[in-house]
Amino acid sequence: MNPRILAVTTGRILRQLRHDRRTVALLLVVPALLLTLVYYMYADQPARSGEVSTFDRIALVMLGFFPFIVMFLVTSIAMLRERTTGTLERLLTTPLAKADLLFGYGIAFGLAGAVQAAVASALAYWLFDLDTAGGSGFVIMIAALNAVLAVALGLFCSAFARTEFQAVQFMPVVVAPQLLLCGLFVPRDEMAGWLQAISDVLPLSYAVEALQEVGAHAEPTGTMWRDVAVVAGAAVLALVLAAATLRRRSG
Amino acid sequence: MEDAIVLRDLVVDRGRRRVLHGISCAVPRGVVAGLLGPSGSGKTTLMRAVVGVQVVGGGTATVLGRPAGSADLRRRVGYLTQAPSVYADLTVRENARYFAALHGRGRADADRAIADVGLGAAAGQLVGTLSGGQRSRASLACALVGEPELIVLDEPTVGQDPVLRAELWSRFHELAASGVTLLVSSHVMDEAARCDRLLLIREGRLIADDTPDAVRAAAGVSDLDEAFLRLIRASETGAGVAAGAGGEAS
């Protein structure tokens, strides 16, 4: 890996994103619209005393979902384009190392995910009075980490898609089970044993638990740091797997 | 000085189909070598093997004295794929600067490469908004920008206007005069006459490897198109009107 090549590659990916103004606008506006929707859905439901309001519970987890879902899709398509337009093959004939490209995507879209999470969080805290015991900085950090995890999974999954149609089909395959089993809909400890076992190996479960720790505790807890480490480890593992799918020589 | 490209019995299979049947040839440094043949004859596969992105089934490809695809060749070899491989959502300048930076070159080098392919006026335009010919020139600029010692160009002049085509060819010869080796594929015979050396390939076999004049002489005609036709017929019948120009002759 070469820091200069990594930096110019990250810059190139961000520049591509910047030229696509509509995508940037959608990245920032859609979470806001969905948060608004959820806010008014639960606006009339009185919170039971001593319990977290339903909006707070759902919005906190949603802040982690947005970058995860969106960056998975964006990365899958971006990497598929690199493969189908021949830019990937060309890049691999230059001094660029595979890690430069993979980490370039991780950093660029990780940053994009962090900005998205920051905007959505600002809205949730200021406009919709989201209340968390811990600081909003931790919420954004975990959301950004989710973005990096999604980028890594997207880079890996794009190797198994030949067309854009196939690439978007990986979204329900990779993302939906993680959303369903992460503990938002049914608390993880109330699930059947085998569902819990699946939930235990899905990285998003740990990201959601980390967010819930931030929601419930003023200071970062050991559980939160452990969860953050698990998510980061899963991202690194997915990047290593993605590197294995990049071949300089093909048939 | 050693040759820029040396192929020995190069065999490439794609699936169950043999695409290259044991090709042997050598391209000296500082020349423009034309790789000619009909569509589907194996030109792109041969170029991919030289660049080192092709899985090879047998034989060897040596480039600038090193096995093709060696890590240190990545800064010494430039490759233009047949389909323009540049980022459509970046401007010409941003593309050139990115590929320049990968080779450790600066902005001035990027601007020079853009001017060399005649895209100076469109430098600020998004590649996605360019015409097909302009887009492939943008791709060409990105192959030239690293100032490689060997430049492999897969059909670089398709869709270009005749004036521009002539300019590109004179640029190729300038580069060759400065010691750079170019391997340029084409299926247009009038471009064959502009090459210092010709490799004629058909159905994965090399049927001529010589200078344009020697190819004409061997076939006994002055027209290259006609000369190739005769060489192809000779290679098919196995008889030798063109014995001197076949196989590994030089």
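1. Lys43(B) and Glu155(B) are both buried in this predicted model, and their side chains meet in a salt bridge with an N to O distance of 3.8 Å. Because Lys43(B) belongs to helix α1 (residues 43-51) of chain B while Glu155(B) sits in the loop between β7 (150-154) and α5 (162-177) of chain B, the pair ties together parts that are 112 residues apart in sequence.

2. A salt bridge also joins Arg112(B) to Glu147(B), where the closest N and O atoms are 3.7 Å apart. This pair links helix α3 (residues 107-116) of chain B, which holds Arg112(B), with the loop between α4 (132-144) and β7 of chain B, which holds Glu147(B), across 35 residues. Arg112(B) is partly exposed at a relative accessible area of 45%, and Glu147(B) is partly exposed at 43%.

3. In chain A, the side chains of Glu209(A) and Arg226(A) form a salt bridge of 2.9 Å, N to O, which connects helix α10 (residues 203-216) with helix α11 (residues 222-245), the two residues being 17 apart. Glu209(A) is partly exposed, with a relative accessible area of 22%, as is Arg226(A), with 44%.

4. Over all chains, the structure contains 25 salt bridges. Glu2(B), Arg29(B), Arg66(B), Asp72(B), Arg76(B) and Glu149(B) are linked in a salt-bridge network.

5. Turning to helix packing, the axes of α5 (residues 98-126) and α6 (residues 136-157) of chain A come within 7 Å and cross at roughly 140 degrees, in a right-handed crossing. Residues making the contact include Gly106(A), Phe109(A) and Gly113(A) of α5(A) and Ile140(A), Ala143(A) and Val151(A) of α6(A). By class, this contact of α5(A) with α6(A) comprises 15 nonpolar, 5 polar and no charged residues.

Definitions and conventions:
Residues are numbered from 1 along each chain as its sequence is written. Chains are lettered from A and ligands numbered from 1 in the order in which they are written. This is a predicted model: local features need pLDDT of at least 70, side-chain atom pairs count only at pLDDT 80 or more; totals for chains, interfaces and linings use all residues. Side-chain values use heavy atoms; hydrogens and water are left out. Axes are lines fitted to C-alpha atoms, for helices over the stretch in contact, and angles run from 0 to 180 degrees between N-to-C directions. Helices (H or I, at least four residues) and strands (E, at least two) are DSSP runs, numbered from the N terminus. A crossing is left-handed if the near helix is turned anticlockwise from the far one by less than a right angle, and right-handed if clockwise. Contact means heavy atoms within 4.5 Å. Ala, Val, Leu, Ile, Met, Phe, Trp, Tyr, Cys and Pro count as nonpolar, Asp, Glu, Lys and Arg as charged, and the others, Gly among them, as polar. A salt bridge is a side-chain nitrogen of Lys or Arg within 4 Å of a carboxyl oxygen of Asp or Glu. Buried means under 20% relative accessible area, exposed over 50%, partly exposed in between (1.4 Å probe, protein chains only).
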